Amino acid sequence: MNKSVTDIESLRIVSPPVTLREMALERLRRAIITGLFPPGQRLVERTLCDQLGVSRSVIREVIRHLQAEGLVDVAKQGPVVASMDWHGARQIYDIRAALESSAVADCARVATQAIKDQLRAVLDELDQNSLNNDPPTVLDVTTRFYEIIFAAAGHDIAWEIVSRLNSRVSRLRVMTLSTANRSISGPARLREIFNAIDRNDPDAGAKACRAHIAEAAQIAERLLQKEA
């Protein structure tokens, strides 16, 4: 008996299942980004196996991946959570300022009502999570905000670069969010970026973006210099 096209298509896996390695990678990455594992902490394989419930081979793969992301260093005593300094952070903020302001400007030039509606919905979600003091979700929502902007602007290669830096960017965001009023001023700055996009004003959008990043950089510099 012939099977219909619908029957055959129903076999397709639309969303592949998340592997154990991917789950372990995401959880350890999140633990480092949010400060549960602070800079300098040793990452002992046996302990991580017990904490995450996975094998040593999985832990080793995850650590290699996080080392490539800049979240882990390998010292004499083994892998440790990478420390952050202002020299490295400043370069990240400079890259962000260049790529994000350009993407915001181009997004503002072409943004349709559908794009504006998506951004508005994401910002409403961000406001709610900021009030609830939920940094991990704030990070995810903020990333989605920028992802929409870069996609609308057609800056695919730039987004690849930003994505590679995203783990270190997220660490900096968590650090600055912990300071007084940043959980309020941060979303407010993003709202200024959106307002410019909503008006299809590329110059105002780029300016608001640079101001947002400059403010975050000043906070990060103060905190990192203090730690140093």
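Predicted model: local features only at pLDDT ≥ 70, side-chain atom pairs only at ≥ 80, totals over all residues.
Biologist: Is the crossing of α2 and α4 left-handed or right-handed?

Modeller: Right-handed. Residues are numbered from 1 along each chain as its sequence is written, and side-chain values use heavy atoms, with hydrogens and water left out.

Biologist: Why are α2 and α4 called oblique to each other?

Modeller: Look at the angle. Helix α2 (residues 20-33) and helix α4 (residues 56-68) pack at about 50 degrees, their axes 9 Å apart. Axes are lines fitted to C-alpha atoms, for helices over the stretch in contact, and angles run from 0 to 180 degrees between N-to-C directions. Under 35 degrees is roughly parallel, over 145 roughly antiparallel, 65 to 115 roughly perpendicular, and the rest oblique. So α2 and α4 come out as oblique.

Biologist: Which residues of α2 and α4 make the contact?

Modeller: On α2, they are R21, A24, L25, L28, R29 and I32; on α4, V58, E61, V62, H65 and L66. Contact means heavy atoms within 4.5 Å. Sorted by class, that gives 7 nonpolar, 1 polar and 3 charged residues (Ala, Val, Leu, Ile, Met, Phe, Trp, Tyr, Cys and Pro are nonpolar; Asp, Glu, Lys and Arg charged; the others, Gly among them, polar).

Biologist: And what makes α5 roughly antiparallel to α10?

Modeller: α5 and helix α10 (residues 202-227) pack at about 165 degrees, with axes 8 Å apart. That angle is why α5 counts as roughly antiparallel to α10. Their contact has 15 nonpolar, 4 polar and 5 charged residues. α5 passes α10 in a right-handed crossing, too.

Biologist: How many helices and strands does the protein have?

Modeller: 10 helices and 2 strands. These are DSSP runs, numbered from the N terminus: H or I of at least four residues for helices, E of at least two for strands. From the N terminus on, the order is α-α-α-α-β-β-α-α-α-α-α-α.

Biologist: Why is T112 called partly exposed?

Modeller: T112 sits in the loop between α5 (86-110) and α6 (113-131). Its relative accessible area is 42%, so it's partly exposed: buried is under 20%, exposed over 50%, and partly exposed in between, with a 1.4 Å probe and protein chains only. As for the whole protein, buried residues make up 40% of its 228 residues.

Conventions
Left-handed = near helix turned anticlockwise from the far one by under 90°.
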